[in-house]
Structure formats: structure tokens, C-alpha cells
Amino acid sequence: MRALRHGLILLAAFWLPAVSAFSQTDATDRIANPSFESGTGSWTLTKSVSGWEDFKVTSAAPSDGSKIYNLWAQKITSVNLHQSITLPAGNYRLSADLRINTLDDVTDQGVYATVHGATHRSAETITRCASPWETADGWNTLSTDFDVLYDGTTVVVGASSTGSGTTAGWFQVDNFRLTCLGDNIDIPDDHLPAGSSRILFTETDGALRDAYTVALNKVKFASAGDTLWVLLRNTSMQGALVPLRGDDTVPHDWRIAVSGSEAVVWRDGAQHASHAVRFLPRLTEAGEQSEITLVGSNRVEKYSVELVSEREALAPDAYAVDAHGKTVRGVLCMQNTILHFTTPVDVWVPSVDTLLVGSTLNLVHEEAWLLTPHWMPSEAISHLVPSVYVNAKKGVSGSNLRVAIYLDGAVVIPQTDDYQPFRGYSEAGYAGEETVLGLGCNNTLGAVANTLRSFVLKRGYMVTLATNADGSGYSRVYVADHDDIRVDALPEALDRRISSVYVRKWNWVSKKGWGSTGGVGKASTVRANWYYSWSAGYNTTVDQEYVPEKTHLYWPSWGEINRKDNVTCVLGLNEPEHSEQHTSDRCSCGGAINEWNAFNKLHTSFFESGLRIGSPAPTDASYLTNYITYCNNYAYRCDFVVTHSYWKEDIGTWRSRLESIHKATGRPIWITELEPGASWDKPGYSDVATAAKRYQQIFDLMEELDYVERYVPYQDDLWFNAMLYADGWPTPAGFLYRDYPSSHAYKAEQQFIPVWWRPSLKEVKITSAKASQDGVATFVTDNPNGDMTATFAIERLAEDGRWQTVYAEPSRAAFDQTSLTVSADVSSLPVGSATFRLKVTTLSGAEAVSPTVAVNLIHTAIQSPLLQERMGEAIREFTADGRPATATTRGVILVEETHADGTTTVRRVLR
């Protein structure tokens, strides 16, 4: 659903009878005695005259039939011949024949019709007078068109004239005719009858098309028999006036589904009526826009109006579904009503102060979200949050409600600050051990490190997954912007390799942003919902997300960047190829920074932040190409490229340059300094009007190109290219920028996934090994295969020539360590020298073994119970120095066992 903006307009109460349609036909029979054949019957004469007068029916050369009406007076102020008739809805033409004896005394004789509080007079005047005048050739036919909106409408028809009250005036009239021209009604705004009306939706909010659905829930009339009218009209000026009649004062749910030529009405789920769709323009102050208006809203005590769908005619149990599978509802207006949302749904709420009159929205389900299109978060907190409850508890921003940026508006989410949006699983398909994580850098995963194989990230969050605990190694960002992200099997690059999980809140910022060295500055003036400052010295506000920048190699500090909360992206070096940007007074780097130094000295340090990483921001596109080549060669994550564009060329050149950058880098593009020409390369104009026209083309292009993720007009160069004057007032381009409908910045389909290659198998070795007197052998190992390791085992060469595992590493977290020290229980091994090796298999199935090492186990004490005499065995015990053991001997002893076959075995025993 598109975002909605709604206004409420209060008008006066009126009653609307049923609507019907007519084709063109003669309707003169609606006028009684139209040619005065019955004298003055059915006609009323109202006059203000003095002196002699002559008002009568005569037979002098009639236009029709045998009679005419003669209207004469010596001094005339006004004369009005009229009657009231009742007409069905339609477009009508009233005509009559008028005649005078001289043109010199003509004032404003004409025919008229008064309907819906407005009078329609014939525009033409009497232009001919025959000689002699009182002949059949003396008649002039005058006419006026008017519209009747509703069946049963009373219309006054007649002929009239006015004068100064000091001169004579006269005319004759005959042959009134009425024609119904059809139902193509075209009523000026002032024809709206007196009454109470609420305009809830207009075309500026989101255009209604051929099919749409509106619901009015919990409608409770003040009195039985009252009627509430719903005026519906689409962008083609087709619509209907649908009456909802209150048979009782019990609340009922109504739904109106408009499709083609019919508006079908349901009440409480059962079909109630249908109404013809017809031409229906300009009935309210909405003018010729599409609209949804309640007429007679003062007759109902409570109601809740929803725009269920702008595109479909839906049955009572159906709701619109967006491209992401989300159920969408649109609350337009509520009065004395509580809506409970118990299922996942996006509820669009208009940004209108009088939206909720004595009403509340109760968010029962954690995925029932409120989106308001034009209230920024601070405004939503003030105007909307007071009417929101979470599971019947008062909603409080920062407690049980999260209020976030959503394009030009805000989203209200029923979540506490300690909400945990990430769930990882040790098996594919969301099986095995579950790990639940909240916000922040989770780089101390313990035994969970290198175990995750699938995960779920809840909507409204981003997560950066990295193979190393400090965020380095292979990493990838997932953004759950429009729906939960569910990865049932991690890609090979991350499968059982994740050692860092960095979770951050997501803000649904738009493309257009703001740049100011003074911080957020005038971002709100142009309704930008994100900003940057060529530094890292500021923070995200309630209405604007901040983007820190590593402006120079050594400033700002990594600590300052990494500590930022509620941010999602970080920018790289500012114009690194420009030496004047990196002079010693600015940064100790002292001069231009080439692509390799920017990459080699800087890029890996970005990973610890867990943010989406931007490239340096050069003015030379080739710099980006070279920089991204290094990133790709090393499989380092760079999520978007940044450029400065001071291009004075035509819009076609802008397009081709951006396409070239995108093709060369494969990343979405940010333009953090944008200006159509600059002080060092004049654009060829110097006025704000021309600048606004240039910016119109550029903004159109920025929004058209999906791979352009964000852009910022540069404010501090040519004054006529600025968005704001020196006093902070918007320039023409600034007004354009402020009101420009910018789209979502982030688009998942535009994101670049770093290309990872499987590391080749590396040699492993045991760097040292020794045995202790407590029956344990310690091995210091070198395994550069890291988290690519699948199994890690210390093996001993047995007497039969086979390798026997004496130790297997149980924790995958241990594989993050290149040098790993392990201890093996060797208490059951025979005395003497033993041969050991390290054997490693990788996740890809490769196998590596180390060179063997020998460990002398003679002086190793093996812990075991005292041996007892066994059948067929003679046992002698000695101390370690060879003396016979006694009952009180403690410590290490040697046990010589003589077996029945005459062989002996020496074993070590801890007594």
C-alpha cells in the first residue's frame, strides 16, 4: 500500500436520497403547465414593482400552444415567475422562449433553476426583437444547465428579471422545456448541500483506481432511522454515494467493494445492497481528486473507517496483501472506538490530529505495526502514541513501543528495548540448539561460535555475520526491512563459521539526506530523515539517522565510530585523491591517499563496527573502480560505493556516468555531495529558478535509478544551487527537495554479496608435546585452517600400526584459534615412547595430518584404582624407585603383572 496523507474538512449536515442513473430524455412532464395552457396554474409570481403593471396570460402569437405569460410593469425592481418540481439525480437543461418589444429596455431577463442552494441562470440574453415584435418570429430561446445529485431533490425553475426600480421593464415567456441530458454530473463546489461532512482521503494521499474497498466498522447510529452517506470517487471521476441506514442503534460492520460499474455493500458479512457507479465529479472541496468522504458523520456516535484496498474489491473476510506478503489495513478515521489487532498486520494511519476521536488502537500481536506517512517519529510520539495500547497496557515510547523512522513518517512497533530479534540454530532448517541474541555486538559467542547453520532475523533489524570474533574475515550484512529474513541453510562461506553476530535496529530511511558540519542542522527543514557531518561527532536523533564518516586515515577514531548506537552505515575517506582535503593540519596522513593505501591501511578496521561499509568518496570514478578491485580480490565486504558529483552536463550525462560507476563496481551508489555545476566549473546559469529546474531532473533520476541508494545536495558552494538561503528559508530547489516523495533507500535486490572462495588446505603441526605425572599429555598445535576446520584430533600410533584417537576437540569455537593447546588422557597407554600426530579435516572434506612427534610416557603417572589379584595372574608392586610397595605407600608405583602364559606387563599406577 502507498503511504497516505489525510485531511479533515468540516462542512454542514445534509440528507442524501438514493442515487439513480438516467439517459438523455425529455423531462418536461416534470413541469406543471409548462406552456400556460391552464393559465397561471402551478406558477407563482413574486414581484417588486410600482406604477402601472400588466401580469397576465394572453394569446398573442404563442411559441407553443395557445397561451403565453405577459410580464409588464412601469417601474420594476424584480419580477420572478417560478414553480417547484422534484427530480431524480441527473444532468438537466431548462429552456424557455422569451420575447420583448425593444432591446433598449432589456435588463437581465432569463430562465433559471435553483438546486442544492445554488442558482443557475441562462448565460445568454435576449438579442433579437422582431418588427412588429409580438409575432412568432420574436421569440428567443434561452437555456441553463444544472445538476441534480440525488433522487427526490427539489428544484425551483422559472424566468426572472431585475431592474433599477425607476424604469419600465417587461418580457413575455412561453414554452418551458426540461431535458435530462444523462447522469454526467458536473457540480461546482458551492453546490454541496448544507451538512456535516468529513473528507478522509483524497488523491494526494493515494489514488483510488477502478477497484477498491472501504470498510466502516462498529458504526453505531445516534438514532434508529438515521443515514450515513459514503461518497466514493476514483481518479476517473467515477463513483457512488452509498447510504448506510441505521435500522437500530446496535454497532454494525459495513464494507463497500467498488469494481467496474457496481459498488457492493455488505453489512456484518452479509451482502446488503449494490449501487451503480457513475460519473461523479466535484462534489466537495476535494475538487476533482479521488476521495472518500463521510456525509452526515454527526449522526453516528462511533465508527472506524478503513481503506482496505486501493486496488481490489474485496469480500468482508479479505484484506489487501503487499508485495512482501504482509496483510495491510488503512485506518482513515475513528470515533469512540477501540480496534484490537490480534494478527500480523501493517496498519496505515493518516497523519491527522483529529484522526482518533475518543478512540484507541490496541496492538495485541507483536507484528501488528502502525505506520503513519507524514508524522515524523517525534510527531508520532506526540500525536499517535497517546492513543496506542500494547496488550491493553498504555503504550510508552522506549518502554513497550519502539518508534522508528519510516520514509517521511514513522512506524510504531510493539516491542520492548530488550527485544531479541536474532535466533540462530545449530542445524539447517531451524533445528538443533537455538541461540537467541539481542542488540549489540555478540562476539563472545562461546561454544556457539562456528556452530550456526541457519537463522531467523525479525523484521526491523539488520545483522552482520562475520567469521572472526572481531568482525573481520568473511562477513555479510542481512537487512530485514520489509519482512523477517529466514535463512534455512547458511551459505558455505558462513556455514558453521560465524564467530561474530552484530545486531542493530533498522531505520527505513529514504534516499534523500542532508549534510552539515554542524550536525543535523536543517535536515528537518527539507524533511530529510538521515544526515552526515564529514565526521563521527554526532548521533542519531529521533527523527534523523546519523551516518558517521572516517574522514581521514587517522581521524575520527575507530573507538568513536564503533561506539555509535542506532546507526546502520559508515562512510569512508572524504575525497582521498584531493591533497587539499588531507593536509597536515587536517590529518597526519599529509596528502592524497591512493587506492591501495586507503584499502590496506583502512578497510579492515571498518569490520569491527558491524556497520554497512561505504567506500571512500572521490570525485574521480576510476578511484572507485580500483578500490573495489582490491575489495573483490580479498573478498572484503564493501556494501556501497560513494561519489561526489559536481556535474554541470545534461541529465543524459548524469545517467551514463552513474551507470558506468554501477557497472564497474556492482554496488549501490551514494552521492554525498551533489551539485549541477560548481564554483570551479560554472553551470552556465546563476538564478534559483533555473537551478530548481536542473534539480528537478536530477531528483527524478535519483529516484528512478534503483541502484542509487542515497543522495545529498551540496549546500555550501554556489548560493543559487543551495537548498536553503542564508537565513534558513528554502530556495525554490529547497522547496522542491522538501516536498519530493523519496522512496526507500535500501533495496535488497541491489546489494552486493562478497564473493568468497574456499581456502586451500593448509599444513598443520604439533609444535610441542609432553606428558605429566598425572596421566595427561599436553600438545601445542598449529592449525591455520581456522574455522574451516570440521574435525580436529590427536592420534597415537598403536602397536598394530593403526592410528588411534586419544583426543577430539569438542568445541567448534576453539577453531578460531590458530595455535591451540589441548590435553589428552593417556593413562591407559603402555609405558615407553609413543608416537602422536594431529589430524584435521576441513568443512569442504579435505584432510591434513601433521608430522609425528614422540612422547616418553615412562615417567608419566596414570591415575587408576589399585590393582587387585586376579585369577591366573601374579601381581607385584614396586615404588617408582624400584623398592617393594607397602600398604602405606602413596604416589606412583610400577606394577608388574605375570600372566598365565608366562608373559609380563609393566604398568604405572597412582596409589
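So, L674. Setting aside its neighbours within four places in sequence, L674 is in contact with S645, W654, Y695, I698, M702, Y711, V712, P713 and Y714. This is a predicted model, by the way, so keep that in mind as I go.

Where does L674 belong? It's one of the residues with the most contacts inside the largest nonpolar core, alongside W514, L658, F699, M702, Y711 and M723. That core has 50 residues. The elements giving two or more residues to it are α3 (595-602), α4, α5 (651-665), β45 (669-674), α6 (688-704), β46 (708-713) and α7 (732-739). And which of them gives the largest share? That's α6, with six residues. As a general point, nonpolar side chains in soluble globular proteins tend to be buried together. Apart from this core there's another one, with 36 residues, and V115, I126, W133 and F171 are among them.

Okay, next up is a lysine, K511. You'll find K511 in the loop between β38 (500-505) and β39 (514-515). Buried or exposed, what would you guess for this lysine? K511 comes out buried, because its relative accessible area is 0%, and the cut-off for buried is under 20%. So what does its side chain reach? The backbone oxygen of L705, at 2.8 Å. Also have a look at L407: that residue is 104 residues away from K511 along the chain, yet their C-alpha atoms are separated by 8.7 Å.

Start with W555 and P556. The peptide bond from W555 to P556 is cis, and omega there is near -5 degrees. P556 is in the loop between β41 (545-547) and α2 (558-562).

S42 has a phi of about 75 degrees, and it's in the loop between β1 (25-26) and β2 (44-58). A635 has a phi near 60 degrees, and A635 is in the loop between α4 (621-634) and β44 (641-645).

Terms used: Residues numbered from 1 in each chain as written. Predicted model: local features only at pLDDT ≥ 70, side-chain atom pairs only at ≥ 80, totals over all residues. Heavy atoms only, no water. Helix = DSSP H or I, 4+ residues; strand = E, 2+ residues; numbered from the N terminus. Buried < 20%, exposed > 50% of the residue type's maximum accessible area, 1.4 Å probe, protein only. Polar contact = N/O pair within 3.5 Å; in protein donor to acceptor, adjacent residues only side chain to side chain. Core = buried A, V, L, I, M, F, W, Y, C linked by side-chain atoms within 4.5 Å. Contact = heavy atoms within 4.5 Å.
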